[in-house]
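Subject: A structure to look through

Hello,

I am passing on a structure that I would like you to look through with care, and my notes on what I found follow below it. Please keep the sequence beside you as you read.

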Amino acid sequence: MDEMVTVQLTLPGEWMQDLKDQATLLEILGLGLEEYRFRRALSLYQRGAGSIGYVAELVGIPQRVLVEKARQRGVLPHYDEHFAEQDLKR
């Protein structure tokens, strides 16, 4: 971890039973951030913003992880010459 930042949040009271300590909160935020990055990459890929390798790099997810998670959700990678060239240039 690099620099630490203090964030103040207002949360529903019932959530506090699951947020007992800082370690738990950090784990939950980390899991949420990972899912957010995956959904963002998948959305970009499905809209044709670039190859699976390109969007994985753009959002900071390893390509193999994105491919695996995409397949779990029924999204199969498609390659054409343009996307293959993009990945080879990296």
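Which residues have the most contacts inside the largest nonpolar core? Bearing in mind that this is a predicted model, the answer is Ala41, Val55, Ile61 and Leu66, in a core that has 14 residues. The elements that give two or more residues to this core are α1 (22-46), α2 and α3, and α1 gives the most, with 5 residues.

Just after α2 comes glycine 60, which takes a positive phi of about 85°.

Next, please look at how α2 and α3 are placed against each other. The axes of α2 (residues 52-59) and α3 (residues 63-72) come within 9 Å and cross at roughly 110°. Angles of 65 to 115 degrees count as roughly perpendicular, and therefore α2 is roughly perpendicular to α3. The crossing of these two helices, α2 and α3, is right-handed.

In this pair, Ile52, Gly53, Val55 and Ala56 from α2 meet Gln63, Leu66 and Val67 from α3. Sorted by class, the contact of α2 with α3 has 5 nonpolar residues and 2 polar ones, with no charged residues.

Best wishes

Conventions: Residues are numbered from 1 along each chain as its sequence is written. This is a predicted model: local features need pLDDT of at least 70, side-chain atom pairs count only at pLDDT 80 or more; totals for chains, interfaces and linings use all residues. Side-chain values use heavy atoms; hydrogens and water are left out. Axes are lines fitted to C-alpha atoms, for helices over the stretch in contact, and angles run from 0 to 180 degrees between N-to-C directions. Helices (H or I, at least four residues) and strands (E, at least two) are DSSP runs, numbered from the N terminus. Angles under 35 degrees count as roughly parallel, over 145 as roughly antiparallel, 65 to 115 as roughly perpendicular and the rest as oblique. A crossing is left-handed if the near helix is turned anticlockwise from the far one by less than a right angle, and right-handed if clockwise. Contact means heavy atoms within 4.5 Å. Ala, Val, Leu, Ile, Met, Phe, Trp, Tyr, Cys and Pro count as nonpolar, Asp, Glu, Lys and Arg as charged, and the others, Gly among them, as polar. A nonpolar core is a set of buried Ala, Val, Leu, Ile, Met, Phe, Trp, Tyr and Cys residues joined through side-chain atoms within 4.5 Å. Buried means under 20% relative accessible area, exposed over 50%, partly exposed in between (1.4 Å probe, protein chains only).
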